[in-house]
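Me: I would like a close look at a single part of this model, followed by whatever else bears on the chains around it. Please keep the account plain.

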Amino acid sequence: MNKYLFYPGCSMEASAKAYMESIRAILESLDLQLEEIEDWNCCGATEYLGINLIPAYALIARNLALAMKQMNAANGTGGTHTIVTPCSACYLNLAKADYYMQERPVLGEKVNEALKAGGLHYKPGALDVRHLLDILVYDVGLETIRSKVVRPLKGLRVAPYMGCMLPRPDYKHRWSDHEHPTELNDLLRVLGADVVEYPLTTNCCGGHMTQIGPETAFELIHRLIVDADARGAHLMATVCPMCQLNIDAYQDEMNHYFGTDYHMPILFFTQLMGLAFGKEPDELGIGVELVSSRNALAKIGVEVPITQEPAGPRKKAEGLPMPRRLSRHEEGKEAMK
Amino acid sequence: MTEKKQERVGVYVCHCGTNIAGMVDVEELAKWSAEKLGHQGVVIARDYKFMCSSLGQELIEKDIRELGLTRVVVAACSPHLHEKTFRTAAQKAGLNPYLVELASIREQVSWVHTDRVVATEKAKAVVAGAVSRVIENEPLEEIKVPINPNTLIVGGGIAGIQAALEIANAGFHVYLVEREPSIGGHMAQFDKTFPTLDCAACILTPRMVEVGTHPNITLLTWSEVVNVSGYVGNFNVTIKKKARFINEELCTGCGVCEEKCPKKVIDEVFEAGIGYRKAVYIPFAQAVPKFPVIDKENCTYFIKGTCKACEKFCPTGAIDFKQEDQLINIEVGNIILATGYDLFDARRVSNYGYGRFPNVFTSLEFERLSNAAGPTNGNIVLRDGKTVPKSVGIIHCVGSRDRNFNNYCSVICCMQSLKFAHLVHERTGATVYNFYIDMRTASKAYDEFYQRVLEEGTLFVRGKVAEVTDVARDEHEKGKLIIQVEDTLIGKQRRIPVDMVILSVGLQPRHDAKEVGRLFGISCSTDGWFTEKHPKLDPVATMTEGIFIAGCAQGPKDIPSSVAQGAAAAARVLDKILQKEVALEPIKASVDQKKCSGCRICNGLCPFNAISYIADDNISYINPALCQGCGTCVAACPSGAISGTGFSDAQILAQIDGLLLRTLEVEQATA
Amino acid sequence: MNSDPFEPTIIGFTCNWCSYRAADLAGTARMKYAPNVRLIRLMCSGRLDPTFVLRALSNGADGVMITGCHPGECHYIEQNYKALRRYLLLKRVLQGLGIEPARVKLVWASAAEGAKFVAEINAFVEEIRKLGPLSWGKDEGGKLKDEEGNERSSFTTYSSPFEEVPA
Amino acid sequence: MITNGKPKFAMYWAASCGGCEIAVLNIHEKILDVDANFDVVFWPVAMDAKYKDVEAMEDGSILLTLFNGGIRNDENEYLAKLLRQKSKILVAFGSCACEGCVPGLANLCQVEELLYTVFNTLTTENPRQIYPRTTFNAPEGELHIPKLAPMLRPLDQVVDVDYYMPGCPPESHQIAAVIDLVIKAIHGEAELPPKGAVIGVGDSTVCDECPRARNVKAIKAFKRIQDIAPADANLCLLEQGIPCNGPATRSGCQARCPQAGAPCIGCYGPAEGVMDYGARLMTAFASVIDAKEPEEIERILDGIPDPVGQIYRFGLAGSLLKAGRDAWKR
């Protein structure tokens, strides 16, 4: 019964490896079975839809079609028709494709025409697209999760960060609220954590603005971290690889830009679940984050091993050195002159 | 096969000036009707400039008398306009009014088509349909029923109070039923009323007292209607009078019980959740009736079995813990529903932070806050009960004009928000911001009030507030509620830190409006407000005869409009009462007992409970007085045992054939 | 004559309280719509007997439009739901008889929705135009006519592919 | 018209199964009354008679003809017209003659498809793919078999009919009663009903004679009777979700099927004055569905997998539309 079709998404194999490891680690405790879609492809992330609609939807729908095929092949009508993904961007894209193919039959036809080239077809509405958090809170249930907790996260102050892509636009009304959803808070609370009131929970992390307009991204990351810090959070918990990447990997640059010195680790909620279930940090991919959670996790008596990967630039700079970017304060001083 | 008696039909084609004649060849239509429909019995077909004029009517009357017409078809405008006119004309000439049929060739032909030839062809089909149909019409008699002069008014807010007084003063008896312990409604909770800033209590309470003492008014508070049966003129209503646990005969309303009661609870109703009351309480000082009520859920005696402090101290021994709910049956002729509104739940707009931030208030909370009789004695302070705000943001349209919540405008919020701005200004001197989408101050002296508030220095920001947050971005935002808004007049995002936010929440239909509607046999609009008979010309009547609506139950409105509607509904009721009897449309269904097999398929279909099953005879029966004439059971009867007057199978099938011009072809084939 | 587009004949059933008034409103507002629809007033869409639809189709209508109050807004509380149920079953029956179910359409239109009423009529006329004539066979006087209205011989001699001379 | 002092009687089968003749014989000793009171001049199933004998009779010389079967071919039509001409009282006898009955269901397809199906189904042994022809040159001369019409028609779509007697077949006690009545009428002891009347039936529908208890109905699912195990023996079948045609079907059979635990399938046809039997059943079934959402209604309707077969099993040829679109096509 607890079997779902699983679409991991590209991040799970690269930047969010730790997320995947932690998911694997908690699966058995919860009697969950995730059956990976065979031969899945990238969902196109947020960019492709802005460029060319039909190919972008076809790219996404290919995964849905594969999932449907797998569902039909596996067990006729008796099996699951839920496809689960842990990535918010993938979740949004899959849900969006499913919704708009149904809403706009012409689009559905065109996409299916494209899929036909690969011998595939997707009937909109055939699958339920859901996020892992949704499955854990509403299918597995908070009480079951509570029963698995052997190491309550008591004393760990966590800022629950849902990100912007998960609760909106919420085509199928899966979340309690679009601005201030409570699912992540509830789950963390069940783990025993001290959940801080975090009103920015659905604010944007900057997404890919880190690549095309870093100042904007830094501003957004800054807001999130400042408020989490102001509310006394030891770390942030997220459900989204993108959010994790931005807050974690760009914190240093953000600090530099603003002339601040924040140290706000961010972990995947599944990593915290793993800890609460008694797993050890190395089973959960904890320790590879750039902003170390070592100090934060010490509050609950968990010792994070120091990773071998050396800190510092991952890639040797090639060519001539670039001038250092101005921080905002410096910029101000420049203007004063 | 019995030969049908050949009817003598007259067809009258109206030019309606050029309204019809401009697009339909009316002369050709009349000529064609006489020629092609002659075999069906059309003996005369005329066209005339204005059939509805007295000369036009006389033309028909004359033909009925002189040519012995037995059926009349008038090809003119919609039957909703002039059906009655021509029926009356026929009646004057001695023809049963129901043997007249209107063919709508104006609304359905000349006004909506653009090709004269095509329009004329369609008009012919419409006339042929009407001729075929009218031949199958049967003479009908209006059903007259006497009107019970008593009236039930549900809801003791200002609209209900007004209606009750109008009718009672005219000398007829009124039963006024109110769900809460006192009448007064929302208006009793307000501090001031816009735009004159009269004290709400000062103008309302004299009316309440009048209701309480009026010899023609039976006041039933703490009561609810649980069942309604019957029809216009003869409703049978069951009212549940909830136990107050107070003997009303003995109680003097002295208030000692409330004083002595040791149990304090949050008053969610009258004080909107920001004040307290006792477990035995009179909701407010000027309550009518003055009797308190014991809140069973919170009373220590009912919970633990001991206490009885109230009983001990009551000087007249009026406390009666054994009192039970009482069912009262009354008979009335007309009913006015003035059940009011609910407030939009501000928590649904989670980005405005109501329920998360202590200093975000709803409009009703603010009313209580600024009311001298309220929990802070009229001091406008923050939730801590002492700090006076230095800056206040008032957000309009919360839950209204918003596709996520209610699409409609709640009408009163602009003026209410202006009133709040004025009061905050006057009493605290704080800086006040009003955030509005559009300013709607369209009524007598309303815009002047807006100008006044502008001059007082209230700052107006045009834009829909995105969020209210406590996440400060800089030092001067710290500790404040920051209102994030796009100021659409300057085209900029603004962040405005304030101490207090007031949400001008919208009005919503009562949460149980649908059930109440079903109870009284009236319908609700998509938004959930009670549907009036006509949005412009009949705003207080409903589609159900004898049931009227007034006040916010019909849609959001301010106090003057509610009062006007209450009075209007009363006038309509008085009109009915004075007519002494009412004529019911004779469009009714009936069961042919011989054919009825008692299968009971129709039994579950009537929402007016007109169909009953007589087990002894194994047949179903339709009560003509309850039947509203929709015809659903007629269409449903599998054995064809149910027939309906006015819209019989024969009439409709004949009209189909006529519209398809099949009635002509047979003639041509045999001719 | 043959080059003219096919002009379907459509019978429309309206509810006295909503769609008939919507038609009145469309008229008062001088909105223009296709002249192919001829309306019949009923007190309620609940009065709609499937017989009426069958009669219209068998007597020369190419399509039938049924209109009523929006769900939840029925003047008679909930009778439009009964119309909906009959309509859904009727469509299945028509399908079984080889008639395109799209020839019968149920439309909700309130008294205020003159514009919607007009748009629905225009759309339906186009849909039926696309489906072509139904012209249900007429056999009065013992003469059968086919879809194009040509007279058909009453009896058929069996020709190919059935002809086969036994060896 | 009266020979041997006895009025003449005829019975003919057109497109029918022969069950009606069995039903006539099933009136037991009453059959002797027929013999005693009538001179049987033409009855192919019971006696040898030639068409030419009938052709030779004087017009209107047969007092009573019971005509069963629908009009499917030119021979049927010829005999219908011939017997109409020769008979004083022509009775459309049995469901086929009244409204087409099961043979009328062939009106859902074209003649070609019909023949192909008849001679080419799994259960048909026809290895050489032989199909019938209307003419054949045999050594003895040209042979003819009747030609099929594009669709089956009930008797009254071909000739004027005096009385209708529905049922598949009509119940024997009803036949006996009708024969009694005619005999009485011959002797001037009773009056015949007005022309066009439906005889040998009740005034109402099957429910009127059905002993099962009935309540207000609210159906959440339609099921086949074999899917309900066991059905309540004393409760209305429709209420149990079994599509029973009883509410719309003319009474007169004493509710035989529902009494035996099976739903009525409608062989007695529509009630008095009903224009389209199927429409009555559609509206009856739709009316008792307890759902408001289209999806939910559709789900419930899925429980009636063959709505046309359910409501037009007996009456398709006599219905308003008379046939499916294929039969109208050419």
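How many of the nine residues of helix α2 (residues 50-58) of chain C are buried, and is the helix enclosed by the rest of the structure or open?

Reply: The model is predicted. In helix α2 of chain C, nine of the nine residues are buried, so the helix is largely enclosed by the rest of the structure. The buried residues are P50(C), T51(C), F52(C), V53(C), L54(C), R55(C), A56(C), L57(C) and S58(C). An α-helix has 3.6 residues a turn, so residues three or four places apart point the same way. The cut-off that matters here is that buried means under 20% relative accessible area. Just after α2(C), G60(C) has a positive phi of about 120°.

Strand β1 of chain C, residues 10-15, is also mostly covered, with six of its six residues buried. In a regular strand the side chains alternate between the two faces of the sheet. In β1(C) both faces are covered: one side holds I10(C), G12(C) and T14(C), the other I11(C), F13(C) and C15(C), and all are buried. The strand pairs with β2(C), residues 37-42, in the parallel sense over six bridges. Within that pairing, G12(C) has L39(C) as its bridge partner.

The loop between α1 (19-28) and β2 of chain C contains R30(C). Its phi is near 55°, a positive value in a residue other than glycine. R30(C) counts as partly exposed, at 38% relative accessibility. W222(B) sits in the loop between β10 (217-220) and β11 (223-231) of chain B, but is buried, with a relative accessible area of 17%.

Most residues other than glycine have a negative phi, and most peptide bonds are trans. One joins V288(B) and P289(B), with omega about 0°; P289(B) lies in the loop between β15 (280-281) and β16 (293-294) of chain B. Another runs from C168(D) to P169(D), with omega near -10°, and P169(D) is in the loop between β10 (163-165) and α7 (172-186) of chain D.

As for the chains as a whole, four pairs are in contact, and chains C and D share the most contacts of these. Chain A and chain C do not touch, their nearest C-alpha atoms being 17 Å apart. Nor does any contact join chain A and chain D, where the closest C-alpha atoms lie 14 Å apart.

Chains B and D do meet: 22 residues from chain B and 22 residues from chain D take part in the contact. The area buried between chain B and chain D is about 1,700 Å², with carbon and sulfur atoms giving 55% of it. On the chain B side, R600(B), I601(B) and P638(B) lose the most area to chain D, together 30% of what that side buries. Between chain B and chain D there are zero salt bridges, while 13 residue pairs are in polar contact across the interface, both residues at pLDDT 80 or more. Helix α16 (residues 632-636) of chain B gives the largest share of the side that touches chain D, three residues. That side of chain B divides into 12 nonpolar, seven polar and three charged residues.

Terms used. Residues are numbered from 1 along each chain as its sequence is written. Chains are lettered from A and ligands numbered from 1 in the order in which they are written. This is a predicted model: local features need pLDDT of at least 70, side-chain atom pairs count only at pLDDT 80 or more; totals for chains, interfaces and linings use all residues. Side-chain values use heavy atoms; hydrogens and water are left out. Contact means heavy atoms within 4.5 Å. Buried area is the accessible area (1.4 Å probe) that two parts lose on being put together, summed over both. A salt bridge is a side-chain nitrogen of Lys or Arg within 4 Å of a carboxyl oxygen of Asp or Glu. A polar contact is a pair of N or O atoms within 3.5 Å; within protein, one must be able to donate a hydrogen and the other to accept it, and residues adjacent in sequence count only if both atoms are side-chain atoms. Helices (H or I, at least four residues) and strands (E, at least two) are DSSP runs, numbered from the N terminus. Ala, Val, Leu, Ile, Met, Phe, Trp, Tyr, Cys and Pro count as nonpolar, Asp, Glu, Lys and Arg as charged, and the others, Gly among them, as polar. Buried means under 20% relative accessible area, exposed over 50%, partly exposed in between (1.4 Å probe, protein chains only). Two strands pair if DSSP finds at least two bridges between them.
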